[in-house]
Amino acid sequence: MQTILIVDDEKNYLVLLEALLGTEGYETLTASSAKDALEILRNSDVDLLITDMKMPGMTGMELLEECERLKPDVPVITLTAYGTIEMAVEAMKKHAYDYITKPFQNEQLKLTVKKALEAHRLEKENRLLRQALSDRFRHGMIIGKSKPMIRIYDMIDKVAQSKATVLITGPSGTGKELIAKSIHYGSTRKDGPFVTVNCGALAETLLESELFGHEKGAFTGAIAMKKGRFEMADGGTLFLDEVGDMPASLQVKLLRVLQEMTFERVGGTRTIKVDVRVISATNRDLRKEVSAGNFREDLFYRLNVINLEIPPLCERLDDMPLLVRHFIEKYSGEQDADKIQVSQEVWKVFYNHKWPGNVRELEHIIERALVLKTGQTITADDLPRELRGESADFEVERFIPPDVPLHKALDTIEERLVRRALTHCNNVQAHAAQMLGITKSLMQHKIKKYEIVI
Ligand SMILES: Nc1ncnc2c1ncn2[C@@H]1O[C@H](COP(=O)(O)OP(=O)(O)OP(=O)(O)O)[C@@H](O)[C@H]1O
Ligand SMILES: [Mg+2]
């Protein structure tokens, strides 16, 4: 039941409002002075405050200010005598939700109260949702414990605190968008919007109006003013996905916006100023694009203040078991996931596949296997044919370039084998040591040497 606090020095109004709102199913509390109302506000859970403006002693306006300070979430409706609308307007400026003039129509009052409570409920719900999301994205949704991923978590924490422009690079499907969101939800801007633009998906002119908006009549078809993504992201983060695909003419415009944080809508003359953090991502090698003359060098340096490079999945196979578990849980529900096994043969295929589509490819393969599997175990039969057909042998040549000194090459192989053994033994060091035929203390030494996170 929702509780409404009614404040008025005229007893008649208190009685009237109490009766009216009581029959609507609300719980009501009453106070005949602002001072008493404050006492109630401090000690009870109130969902809405309705207050008269003119009262002896502390005024309604002062009560409104105090309420804003004590309980900023509680919406306020002011009651204003006919002819003192200016006061109501003043109150609205101080965050009152709405005002009602005395004498009022019952139906109008009920409607205003209903709307205020609804707006309050939505705001509360949204805040909780954002909070849940911000908890989830603080690495919570990014899975991985490999050395490169731990370094990325550190970087995410560091850059989240600043407003620095971040460029996320890495092959397709490595989680660039996920990481961009994680930076946003870990930052002080987390309650602001996270807005995405895919710079590769739109034609040049459409992209321009998508980014900066347009005025009514700016071009044929521009029947109304439209805000651009930069404006929508004000106070939050703008994620420029596939930024490497941005046409040259827009690169110049983007550079100016990044430098000055001001722009004009297409067809407009008014300069608009925004406060936006820009994170961009690309799976292209932007340095190469700069050398080839396809991407402006000055823009590259603007975007690349901080670079987060996400390595392909085949370079962080340590993450494999966690990712596989995560996707099994994601697609079968947490309870069923406990019962689902993965056959040794499947692990072998997973460790030897090149993963050109990276984590996204793995996600699709798990989703598909869960549909196809017959028992509780995912077997090689549940994998796509091209994966099953691949050689399951460890290809030294693929991972080690020909000019690497032998001792380094052997270290690389040793590190892989130690990591694999640990993964297979659920990180029980004694078992992994036994599997590799080495002592436990030598195992500990290797773990330290290769900085393996257990
Ligand atoms: N480390 C990770 N942990 C959990 N899920 C991940 C991880 N990396 C990627 N994913 C999942 O893989 C899918 C692809 O990720 P995302 O869209 O972020 O990749 P991307 O790098 O932006 O790819 P592209 O360059 O193709 O746009 C998403 O469903 C994402 O949730
Ligand atoms: Mg992406």
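**Exercise 1.** State which helix holds Leu-436 and whether Leu-436 counts as buried, partly exposed or exposed.

Solution. Leu-436 lies in helix H20, residues 429-436; helices (H or I, at least four residues) and strands (E, at least two) are DSSP runs numbered from the N terminus. The relative accessibility of Leu-436 is 35%, so Leu-436 counts as partly exposed. The classes are buried (under 20% relative accessible area), exposed (over 50%) and partly exposed in between, with a 1.4 Å probe and protein chains only. This is a predicted model, in which local features need pLDDT of at least 70 and side-chain atom pairs count only at pLDDT 80 or more, while totals for chains, interfaces and linings use all residues. Residues are numbered from 1 along each chain as its sequence is written, chains are lettered from A and ligands numbered from 1 in the order in which they are written, and side-chain values use heavy atoms, with hydrogens and water left out.

**Exercise 2.** Locate the salt bridge between Lys-102 and Asp-52 and describe its setting.

Solution. A salt bridge is a side-chain nitrogen of Lys or Arg within 4 Å of a carboxyl oxygen of Asp or Glu. The N to O distance between Lys-102 and Asp-52 is 3.2 Å. This pair links distant parts of the chain, with Lys-102 in strand S5 (residues 98-102) and Asp-52 in strand S3 (residues 48-52), 50 residues apart. Lys-102 and Asp-52 are both buried.

**Exercise 3.** Describe the salt bridge between Glu-66 and Arg-69.

Solution. The side chains meet at 2.9 Å, N to O. Both residues lie in helix H3 (residues 60-70), 3 residues apart, about one turn of the helix. Arg-69 has a relative accessible area of 59% and is therefore exposed. The count for the model comes to 26 salt bridges.

**Exercise 4.** Which residues make polar contacts with oxygen atoms of ligand 1?

Solution. A polar contact is a pair of N or O atoms within 3.5 Å; within protein, one must be able to donate a hydrogen and the other to accept it, and residues adjacent in sequence count only if both atoms are side-chain atoms. Among the contacts, a polar side-chain atom of Ser-172 lies 2.6 Å from a ligand oxygen. A polar backbone atom of Gly-173 is 2.9 Å from a ligand oxygen. For Lys-176, an N or O atom in the side chain is 2.6 Å from a ligand oxygen.
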